[in-house]
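Trainee: Please take me closely through the ligand site in this structure. I would also like to see how that part connects to the rest of the chain.

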Amino acid sequence: MSANIISGKEISAKIRERIKYEIDEIMSANSDNPNFIRPGLAVILVGEDPGSAIYVRNKKRICEEVGIRSFGYVLDATTSEADLLDLIDQLNHDDRVHGILCQMPLPKHLDEFAVISAISPVKDVDGFHPINKGLLSMGKECLVPCTPLGCVEMLKLSGIDISGKHCVIIGRSNIVGKPLSALMLNENATVTITHSKTKNLKEICRQADILVAAIGKSGFVTGEFVKEGAVVIDVGINRDPDNKVRGDVLFEEVVEIAGSITPVPGGVGLMTTTLLMQNTLQAYHNIISKEADL
Ligand code: NDP
């Protein structure tokens, strides 16, 4: 029997509707205050990577859709690290900005870790700052990286129970695999994280109740990796030689074995930008409630 398809399109649309509703409520409750500031997100793009430019345009469009004010900064590819850090410092102190994101990858001469670490942890809506990473590992409230958060939200909103399940993650990157392992652990899953040096990968994957592929290799996860009835989350976004976007999972084979599966396109990818909006709203609430406490 064919698997249930978990639609990132439907789930992300529902989350965006909720965010828009909440922001509309906030704004109408404060409509008599002309100085009231709506939630704001600053997006910095350094250089002209065409893929990154598309992502940035998308973020702006979704900000508009949900009612978040967006501030775009497009810097020359030769921008110095000092100038970039200067801009981040200004945005850290800008009351109109509640979330700051610097689009990765950065040009080679810029130190990504220094840039990520310069963003105020309270405005770090990508959840990449070492403080947020540390809080996530400790199971404390923090801003969580959007893609792994999107995976967990898809499971929860599809009514899939995570607690006690064996979750196998293929990939240990700082933006997907590692934060997802911490999130799933916080959700009481039993977590196995695998990578390119893992031995007996197929056998380990076949033990998974929930299998997550975040590898970056088109169609890598075939039917042989999947236990009958397992939930399969495909994070991969790969452009094949035929110019089609495909996931890390060989969908047409795995869909016949899995119990539930996310498609590519139309799956996790659509969740990421939506969760960025959710993180911006969370950062806004955190900042506003801190100001109210002062
Ligand atoms: P990275 O290249 O940073 O990490 C890939 C991981 O896969 C590494 O840990 C690597 O292991 C592991 N890996 C590679 N080959 C194998 C193999 N043969 N067997 C087992 N493990 C292997 O990629 P990202 O985490 O950044 O991205 C992964 C995929 O997700 C990409 O397709 C990317 O485009 C997509 N992505 C999608 C997003 C979305 O919004 N949906 C957001 C971010 C990424 P090792 O550490 O040993 O090298």
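Mentor: Happy to. Let's start at the ligand: a backbone N or O atom of Val235 is 3.5 Å from one of the ligand's nitrogen atoms. Side chains take part too. An N or O atom in the side chain of Ser173 lies 2.5 Å from an oxygen atom of the ligand, and one in the side chain of Lys217 lies 3.1 Å from a nitrogen atom of the ligand. The term for such a pair is a polar contact, meaning N or O atoms within 3.5 Å; within protein, one atom must be able to donate a hydrogen and the other to accept it, and residues adjacent in sequence count only if both atoms are side-chain atoms. On its own the ligand has 930 Å² of accessible area, and the protein covers 72% of that. That area comes from the Shrake-Rupley method with a 1.4 Å probe.

Before we go further, please keep in mind that this is a predicted model, in which local features need pLDDT of at least 70 and side-chain atom pairs count only at pLDDT 80 or more, while totals for chains, interfaces and linings use all residues. Residues are numbered from 1 along each chain as its sequence is written, and side-chain values use heavy atoms, with hydrogens and water left out.

Now widen the view to the shell around the ligand. It holds 22 residues, of which Arg172, Ser173, Ser196, Ile237 and Thr272 come nearest; a residue is near the ligand if one of its heavy atoms lies within 4 Å of it. Helix α10 gives the largest share of this shell, three residues. Helices here are DSSP runs of H or I with at least four residues, strands are runs of E with at least two, and both are numbered from the N terminus.

The core has 51 residues, and Leu41, Leu155, Met184, Val212, Ile233 and Met277 touch the most other members. Its largest share, eight residues, is the one from α10 (residues 268-293). Domain 1 (33-120) and domain 2 (146-268) both contribute to this core, so it lies between them. The domain bounds come from an automatic or database assignment, and the two domain centres, taken over C-alpha atoms, are 29 Å apart. A nonpolar core is a set of buried Ala, Val, Leu, Ile, Met, Phe, Trp, Tyr and Cys residues joined through side-chain atoms within 4.5 Å. Buried means under 20% relative accessible area, exposed over 50%, and partly exposed in between, with a 1.4 Å probe and protein chains only. In soluble globular proteins, nonpolar side chains tend to be buried together.

Met277 shows the packing residue by residue. Setting aside residues up to four places away in sequence, Met277 touches Ile19, Leu41, Lys59, Ile62, Cys63, Val66 and Ile68, where contact means heavy atoms within 4.5 Å. There is also a second, separate core of 18 residues, with Val168, Leu211, Ala213 and Ala230 among them.

After α7 comes Asn188, whose phi is positive, near 70 degrees.

Most residues other than glycine have a negative phi, and most peptide bonds are trans. Asn200, in the loop between β6 (190-194) and α8 (201-205), has a positive phi of about 55 degrees and is exposed, at 55% relative accessible area. Another cis peptide bond links Met104 and Pro105, with omega about 0 degrees.
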